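Hi,

Here is the structure I promised to send over.

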Amino acid sequence: MTMNNKETVMKKITHTLAIAGIAAMLSVTSAIAQGAAISGEVKKIDESAGKITLKHGPAKSLGMDEPMTMVYRVKDPAMLTKVKVGDKVQFEAEEAASGYTVTKLQKSK
Ligand SMILES: [Cu+2]
């Protein structure tokens, strides 16, 4: 198997997992209220895994009382193409069965 084939397979698997994750998330969290926007900074982006590392302040809506740096999944991998490491961002996240998931992400102005 060539490198390209492996990458294609990985992308397909990631895509399938993302869809499964979104479906699970919708059923699990549909009754849970959305949190308010949280200010943070992008520390790392892993597009192939659909993950982003964000440094952020206290986020009461997520039960995080202390500032921290942590890895989030993203609801849509395309969100990761709109920000880069070092960007200040505003985001919203929710706790899903698969982990904390960013549902909205935008650059701070
Ligand atoms: Cu956190």
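Predicted model: local features only at pLDDT ≥ 70, side-chain atom pairs only at ≥ 80, totals over all residues.

**Starting from Leu80**

Leaving out neighbours within four places in sequence, Leu80 is in contact with Ile45, Glu47, Ile52 and Val74 (contact here means that the C-beta atoms, placed from the backbone, lie within 7 Å). Leu80 sits in the loop between S3 and S4. Helices (H or I, at least four residues) and strands (E, at least two) are DSSP runs, numbered from the N terminus. Is Leu80 buried or exposed? Leu80 counts as buried because it has 20 C-beta neighbours inside 10 Å. The cut-offs are 20 or more other C-beta atoms within 10 Å for buried, 12 or fewer for exposed, and partly exposed in between, with C-beta atoms placed from the backbone. Leu80 and Ile45 are 35 residues apart in sequence, but their C-alpha atoms are 7.0 Å apart in space.

Residues are numbered from 1 along each chain as its sequence is written. The mean pLDDT (the predictor's confidence in each residue, from 0 to 100) is 84 for the protein, and 76% of its residues reach 70 or more. Confidence is highest in S2, at 98, and lowest in helix H1 (residues 3-29), at a mean of 66. Over residues 28-34 pLDDT stays under 50, and the model has seven contacts beyond four places in sequence for that stretch.

**The barrel**

The protein has one helix and five strands, and along the sequence they follow the pattern α-β-β-β-β-β. What do the five strands close into? They make a barrel in the order S1-S2-S3-S5-S4, with mixed pairing (two strands pair if DSSP finds at least two bridges between them). Neighbouring strands of this sheet are turned by 55° against each other on average, direction ignored; the axes are lines fitted to C-alpha atoms, for helices over the stretch in contact, and angles run from 0 to 180 degrees between N-to-C directions.

Going through some of the pairs:

- S2 and S3 are antiparallel, over six bridges, and Lys51 stands opposite Arg73 in S3.
- S3 and S5 run parallel and are joined by two bridges; here Arg73 stands opposite Thr101 in S5.
- S4 and S5 run antiparallel, joined by eight bridges. They form a hairpin with two residues between them, and Ala96 stands opposite Gly99 in S5.

**The core**

In soluble globular proteins, nonpolar side chains tend to be buried together. The largest nonpolar core has 13 residues, of which Ile52, Leu54, Tyr72, Val74, Phe91, Ala93 and Val102 touch the most other members. Such a core is a set of buried Ala, Val, Leu, Ile, Met, Phe, Trp, Tyr and Cys residues joined through C-beta atoms within 7 Å. Strands S1 (38-46), S2 (51-56), S3 (68-74), S4 (88-96) and S5 (99-107) each supply at least two residues of this core, and S4 gives the most, with three residues. Not counting residues up to four places away in sequence, Val102 touches Ile52, Tyr72, Val74, Lys75, Met79, Phe91 and Ala93.

Two figures for the protein as a whole: 19% of its 109 residues count as buried, and among contacts between residues at least 6 apart in sequence, 56% join residues at least 24 apart.

Cheers
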